[in-house]
Amino acid sequence: MAQRRTREPSKDSKLQPRWKLSPKAQREISGILLFLLGALTLLILLRVTRSAIGDGIANVLFALFGWGAYALPGVAFGAGAFLLRRGEATSMDIAWVRVFFAEILFALALALMHLIAAPADTGAVAQSGGGGGFIGWAFARAATYLLGTTAALVVLLILALLTLPTILG
């Protein structure tokens, strides 16, 4: 009886995807996914639809970022718009220094929100998801330990203002 030989795929065909997307299509799909992620995050944070998973995600985001959690969907929308805009024009480089300083500004804003929201009992406010959350609490706690409450407020505000020229420039 003759044996049947099965044809094994070559090594090259195993490594290559079945379809190829152009870089423009990849950016557009990523941009749309970021828009969807931002919309889903916003709906979860506003608690439009209640569920155990959605409430758990909202509680974690509020515990980490406090009121700054509402900025996260905006970041996702902005990144999605950037990727979709890039698809129209030629390749554009990301200014990583601006991104870095925007992250510093976000952390300073969380600390300022936490200092303004609860100058007395900062830990309880962070635990309840208010102020700047645990991230804001950590920065505010370090600044008040080193400088005192009023000086920490002034120094954090000055540092936040110093980041703006790099972000906007």
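1. Helices (H or I, at least four residues) and strands (E, at least two) are taken here as DSSP runs, numbered from the N terminus. The model is a predicted one, in which local features need pLDDT of at least 70 and side-chain atom pairs count only at pLDDT 80 or more, while totals for chains, interfaces and linings use all residues. Residues are numbered from 1 along each chain as its sequence is written, and side-chain values use heavy atoms, with hydrogens and water left out.

2. Overall architecture. The chain contains 8 helices and 0 strands, giving the order α-α-α-α-α-α-α-α from the N terminus. Of its 169 residues, 27% are buried, where buried means under 20% relative accessible area, exposed over 50% and partly exposed in between (1.4 Å probe, protein chains only). The accessible surface comes to about 11900 Å², with 67% of it belonging to carbon and sulfur atoms; these areas come from the Shrake-Rupley method with a 1.4 Å probe, and for residues only the protein chains shown count as cover. Contact means heavy atoms within 4.5 Å. Among contacts between residues at least 6 apart in sequence, 67% join residues at least 24 apart.

3. Tryptophan 67. This residue is found in the loop between helix H3 (52-65) and H4. Tryptophan 67 counts as partly exposed, at 45% relative accessibility. Residues up to four places away in sequence aside, tryptophan 67 touches Met113, Ala117, Gly129, Gly130 and Gly131. For glycine 130, the C-alpha to C-alpha distance to tryptophan 67 is 6.0 Å, although the two are 63 residues apart in sequence.

4. Threonine 163. Apart from neighbours within four places in sequence, threonine 163 is in contact with Phe101, Ile104, Leu105 and Leu108.

5. Aromatic pairs. Rings of Phe, Tyr and Trp (its six-membered ring) pair if their centres lie within 6.5 Å; planes under 30 degrees apart count as stacked, over 60 as edge-to-face and the rest as tilted. By this rule there are 5 aromatic pairs. One of them joins phenylalanine 35 and phenylalanine 77, and is tilted, with 5.7 Å centre to centre and 35° between the planes. Phenylalanine 35 lies in helix H2 (residues 23-45) and phenylalanine 77 in helix H4 (residues 71-88), so the pair ties together parts 42 residues apart in sequence.

6. Phenylalanine 134 is partly exposed at 36% relative accessibility, as is tryptophan 137 at 28%.

7. The largest pocket. On a 1 Å grid over the protein atoms alone, a pocket is an open set of points where a 1.4 Å probe fits, with protein on both sides within 12 Å along at least five of seven lines; lining residues have an atom within 4 Å of a point. The largest pocket has a volume of about 560 Å³, a volume being the space filled by probe spheres set on the points, which are joined across faces, edges and corners. Its lining comprises 16 residues, of which Val75, Arg98, Val99, Ala102 and Glu103 lie nearest the centre. The elements giving two or more residues to this lining are H4 and helix H5 (96-117). The lining of the largest pocket divides into 13 nonpolar, no polar and 3 charged residues; here Ala, Val, Leu, Ile, Met, Phe, Trp, Tyr, Cys and Pro count as nonpolar, Asp, Glu, Lys and Arg as charged, and the others, Gly among them, as polar.
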